[in-house]
There are 2 protein chains.
Amino acid sequence: MRPIVNIESERTRMNKIAFILLLAAVPTLVSAQHKTLQERLGYTADTKLLIIHADDIGVSYSENSASKEAFKAGLVNSGSVMVPCPWFPEIANYVKSNPRADLGLHLTLTSEWNLYKWGPVAPKEKVPSLVNDKGCFYASVQEVITKGSPKDVETELRAQIERAKQFGVDPTHFDSHMGTLFSSPEFLKVYIALGREYKVPVMLINQITNAYPSAGSLVNENDVIIDRVYIASPDDYKNGMEAFYTKTLQSVAAGVNCLIIHAAYDDNEMKAVTAGFVDYGAAWRQADFNFFTSEACRQLLKDQKIQLITWREIRDKLLRGKG
Amino acid sequence: MRPIVNIESERTRMNKIAFILLLAAVPTLVSAQHKTLQERLGYTADTKLLIIHADDIGVSYSENSASKEAFKAGLVNSGSVMVPCPWFPEIANYVKSNPRADLGLHLTLTSEWNLYKWGPVAPKEKVPSLVNDKGCFYASVQEVITKGSPKDVETELRAQIERAKQFGVDPTHFDSHMGTLFSSPEFLKVYIALGREYKVPVMLINQITNAYPSAGSLVNENDVIIDRVYIASPDDYKNGMEAFYTKTLQSVAAGVNCLIIHAAYDDNEMKAVTAGFVDYGAAWRQADFNFFTSEACRQLLKDQKIQLITWREIRDKLLRGKG
């Protein structure tokens, strides 16, 4: 299946991973690195490596509990946490008793739902370009790109990282909620610089780093660039998640791949969080949970000789010299 | 039943309505007002008036949805909203389509649960005495009394009131989450002054206003002081809520009375919010919901000739000249 998907549905008003729209026209470039990423990690060039990654952890209790249950089932092996959200302390507490959990930070600059909102971790006065008149983050990526200053973005992301550390979360990686940080070269520079400073890999693919030719070379040979990111689109959801994920796993190619899912239960809380949305809604997240805790998924991974890898392994081998 | 209850259980570590401890020894004084409150409202002196009041609305989706369902059932006729909490925007949206709902503000200075936290509406830098090292409100009333400055309390309460108005909530009354504002004469002065300024009644009984003789007279004849507040204690919960509420309703005396409950469902979200607590926990709130949506309760109110009254009626008749 498509490694990267044009998923933005006009009806969703969500701009979820809207950056993809921007990138769709950019051809994948071959990495300039002499060794492939999986070779740098000590795997043969034909190894199919996959991170099965749960986004949006911390957004709700439903998301936390389904993500933890999925980790326990053993196939979903990584995830990232939204520090500004109400249920962040609960997942930070989970890390205390699960210190090897592969949890990164889902760096967040948007608050996309209608009646369940959050705002910055940094004082609002210090990041005025990121908040609306109600003190919340903007709902769409487009608004953040238009109004947000790179200085405020850096201030806010630092505040999220430091708060995570204060709560005992040593992130294994960073990525970007709704792809906001991939949607502007200035934001992307901040994101990459913070990854280097904190010695964690940031989720990147060539289509992102090559999207802004005028910005010059944004990465160097020490940076981690994975090969492919897979994610379901609204059309895939309409056609059935089991079919989509089955085809996706059958098509995983050699290299370091990341499959992004959203695990939550289709319960009252999650229905209320996502009220008014179908795409990325509660039923969608339940479908993700169902597939990635299923025996069928386990068998597929085995049949396809897909080997799971974590961001922690990548971080520790390549950026912290524990290889 | 006891109009005011010594409920603080050492095991709960909650300090919920801990101010009651302070007040238990203070005898109820007869109001100096010539007319009783219910007479000022146009009722005969022997009328048994009751507000059945749902606290903590806004704390969670479970609390919001159970409280709304209880309103719909028709016996719970009032409630108050926690502006700093994650589900405040959802209940503010309810007010848009239910503009006559009797909703006040549950002015909040504590964040008492273990893994589900909130902090001030005002910028943290402007209310430093109210936040802990993680930027959240303190968990206990005692900490707020010890560390909080009246100036910061006023700043924060104003921010909560203004935010409520910004979201379209015109509060019918104010009260105090966990009784924090009743636990210090300086906080109490701020609370009473804000009620006068915004022309809303603040929940007060003589035991509160007379608790600090050295502070002088805190109220005047235009202030609203209701006659009794009823609330279940941990012992009442252990002995069964139905028995407690039945006896309470049988004992309601003439005057303006308020019965405080907490309506939520005993579901996954609410269990997680209140994890580690029995008192005021999810099952407690489900028991409150069950009783106050029951036919038995409806019949009792009828049998006891109890007449329901709202804070809106009190506000509009006595403070906004719509009598």
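Colleague: Is the crossing in which α6(A) passes α7(A) left-handed or right-handed?

Modeller: This is a predicted model, where local features need pLDDT of at least 70 and side-chain atom pairs count only at pLDDT 80 or more, while totals for chains, interfaces and linings use all residues. Residues are numbered from 1 along each chain as its sequence is written, chains are lettered from A and ligands numbered from 1 in the order written, and side-chain values use heavy atoms, leaving out hydrogens and water. Helices are DSSP runs (H or I, at least four residues), numbered from the N terminus, and a crossing is left-handed if the near helix is turned anticlockwise from the far one by less than a right angle, right-handed if clockwise. For α6(A) passing α7(A), the crossing is right-handed.

Colleague: At roughly what angle do the axes of α6(A) and α7(A) cross?

Modeller: Axes are lines fitted to C-alpha atoms over the stretch in contact, and angles run from 0 to 180 degrees between N-to-C directions. The axes of α6 (residues 150-166) and α7 (residues 185-198) of chain A come within 10 Å. They cross at roughly 30 degrees.

Colleague: How many charged residues are in the contact of α6(A) with α7(A)?

Modeller: The contact has eight nonpolar residues and no polar ones, and its charged residues number six.

Colleague: What is the angle between α6(B) and α7(B)?

Modeller: The crossing of α6(B) and α7(B) is right-handed. Their axes lie 10 Å apart, and the packing angle is about 30 degrees.

Colleague: Which three residues supply 30% of the area that chain B buries against chain A?

Modeller: Buried area is the accessible area (1.4 Å probe) that two parts lose on being put together, summed over both. Between chain B and chain A this is about 2,000 Å², with carbon and sulfur atoms giving 64%. The three that supply more of chain B's share than any other three are W87(B), L115(B) and K134(B).

Colleague: Which helix gives the most to the side of chain B that touches chain A?

Modeller: On that side, α4 (88-97), α6 (150-166) and α11 (268-273) of chain B each supply at least two residues. With four residues, the one that gives the most is α11(B).

Colleague: How many salt bridges are counted between chain B and chain A?

Modeller: A salt bridge needs a side-chain nitrogen of Lys or Arg within 4 Å of a carboxyl oxygen of Asp or Glu. Between chain B and chain A, the count is zero.

Note on methods
Nonpolar A, V, L, I, M, F, W, Y, C, P; charged D, E, K, R; others polar.
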